[in-house]
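Please look over the sequence and the structure shown here before reading on. The report that follows goes through some of the contacts one by one.

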Amino acid sequence: VTGALARHGDGALAQLLPAQRRAGRRVLMRLVTLEDTRASLSEEELVAGEAPAKAALSALVNARLVVVREVGDRVVFEIAHEALLAGWATLRGWLDEERESRAVRHRLELAVGDWERLGRTREGLWTTAQLKEAALLEPETLRPRERAFLDASRTAMARGRRLRRAAIVLLPMIAVATYGGIWLKGQADLNRQIDAHIAVAAARVTEAEQLEHSIAVVYQQALTLFTEAKSAAAEALWEQYRGALTRVDGELGSAAQE
């Protein structure tokens with residue numbers, strides 16, 4: 001029976017196109033929990049609007065490797081039988097190969113859920129250590145909402161590093177300028193120069209804040225399109241947002257120089 005299951009599963013995969021076979025692997029991997037039991041997921045959770053994944057899921061259902069059932073008001077998909085988890089060597093090999101990345105993916109799914117529940121604020125984003133773990137995941141296996149979460153996390157971490165570097169430079173300068181201002185308060189010319197630089201820096205910071213506020217709408221629109229699996233439109237808006245964010249960082253850099 002085990003051999004028949006394996007031959008049947010391998011035969012069903014062999015009939016798919018290469019892109020569909022890769023998508024089929026991703027679908028099957030998502031249908032297995034970290035405890036190696038069957039997971040129940042909706043079509044959107046499995047395919048996220050990707051045509052190869054949808055075709056692969058349909059083929060797996062037709063081959064009766066995956067079954068469809070109703071749970072309350074949801075339609076969910078499951079691997080047809082527990083025997084496939086242990087008896088299908090191909091699937092078992094995939095699970096063993098990706099045991100570490102499956103754990104990372106599970107943590108990513110939980111983090112994305114928390115981030116969305118918090119309104120996609122910066123507080124829910126990943127830090128450097130967690131982003132290093134995410135490098136174990138192949139980009140093509142990520143769903144749009146997961147890509148949006150990781151991109152937002154990387155952008156926030158990069159900006160944080162720039163601000164910390166600016167603070168390292170600015171704090172000693174502020175201390176020296178303050179001490180010098182007190183010591184040389186009789187030299188009005190020096191004070192005027194300092195005030196002029198501070199005014200320019202404050203103006204740059206204000207401009208950066210206004211620009212960042214104006215692109216918040218673009219940011220939310222892009223994330224909404226990612227969630228709706230409208231990848232092309234979402235990527236265009238995301239590039240527009242990242243370009244504007246670069247200008248924000250430029251204004252902050254100029255403020256730091258002042």
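## A threonine in helix H9

Thr155 lies in helix H9, which covers residues 144–183. The model is a predicted one, and every value in this report should be read with that in mind. Because its relative accessibility is 18%, and buried means under 20%, Thr155 counts as buried. A polar atom of the Thr155 side chain lies 2.9 Å from the backbone oxygen of Asp151.

## Helix H2 and its two partners

Helix H2, made of residues 18–30, packs with helix H6, made of residues 89–97, at an angle of about 75 degrees, and the axes of H2 and H6 are 11 Å apart. Angles of 65 to 115 degrees count as roughly perpendicular, and H2 and H6 are therefore roughly perpendicular to each other. On the H2 side the residues that meet H6 are Arg25, Leu28 and Met29, while on the H6 side they are Leu91, Trp94, Leu95 and Glu97. Sorted by class, this contact of H2 with H6 has five nonpolar residues and two charged ones, with no polar residues.

H2 also meets helix H4, which covers residues 51–62; the axes of H2 and H4 come within 8 Å and cross at roughly 70 degrees. H2 and H4 are therefore roughly perpendicular to each other. From H2, the contact is made by Ala19, Gln20, Ala23, Gly24, Val27 and Leu28, and from H4 by Pro52, Ala53, Ala55, Ala56, Leu57 and Leu60. By class, the contact of H2 with H4 has 10 nonpolar residues and two polar ones, with no charged residues.

## Aromatic pairs

A pair of aromatic rings is described by two values, the distance of the centres and the angle of the planes. How many aromatic pairs does the count come to? When rings of Phe, Tyr and Trp are paired if their centres lie within 6.5 Å, the count comes to five aromatic pairs. In one of these pairs, the ring centres of Trp126 and Phe149 are 5.6 Å apart and the ring planes stand at 80 degrees, so the pair is edge-to-face. Trp126 lies in the loop between helix H7 (99–117) and helix H8 (128–134), whereas Phe149 lies in helix H9, so the pair ties together parts that are 23 residues apart in sequence. Trp126, at 8% relative accessibility, counts as buried, and Phe149, at 0% relative accessibility, counts as buried too.

Another pair is formed by Tyr219 and Tyr241, whose rings are tilted, with 4.9 Å from centre to centre and 50 degrees between the planes. Tyr219 belongs to helix H10 (residues 188–227) and Tyr241 to helix H11 (residues 231–257), and the pair links distant parts of the chain, 22 residues apart. Tyr219 and Tyr241 are both buried. Ring pairs also link Trp115, Trp126 and Phe149 into a cluster.

## A valine in helix H11

Val248 is found in helix H11. Is Val248 buried or exposed? With a relative accessibility of 0%, Val248 counts as buried.

Which residues is Val248 in contact with, once its neighbours within four places in sequence are left aside? They are Arg159, Ala208, Leu211 and Glu212. For one of these, Glu212, the C-alpha atom is separated by 6.5 Å from the C-alpha atom of Val248, although Glu212 and Val248 are 36 residues apart along the chain.

Notes
Residues are numbered from 1 along each chain as its sequence is written. Side-chain values use heavy atoms; hydrogens and water are left out. Axes are lines fitted to C-alpha atoms, for helices over the stretch in contact, and angles run from 0 to 180 degrees between N-to-C directions. Helices (H or I, at least four residues) and strands (E, at least two) are DSSP runs, numbered from the N terminus. Angles under 35 degrees count as roughly parallel, over 145 as roughly antiparallel, 65 to 115 as roughly perpendicular and the rest as oblique. Contact means heavy atoms within 4.5 Å. Ala, Val, Leu, Ile, Met, Phe, Trp, Tyr, Cys and Pro count as nonpolar, Asp, Glu, Lys and Arg as charged, and the others, Gly among them, as polar. Buried means under 20% relative accessible area, exposed over 50%, partly exposed in between (1.4 Å probe, protein chains only). A polar contact is a pair of N or O atoms within 3.5 Å; within protein, one must be able to donate a hydrogen and the other to accept it, and residues adjacent in sequence count only if both atoms are side-chain atoms. Rings of Phe, Tyr and Trp (its six-membered ring) pair if their centres lie within 6.5 Å; planes under 30 degrees apart count as stacked, over 60 as edge-to-face and the rest as tilted.
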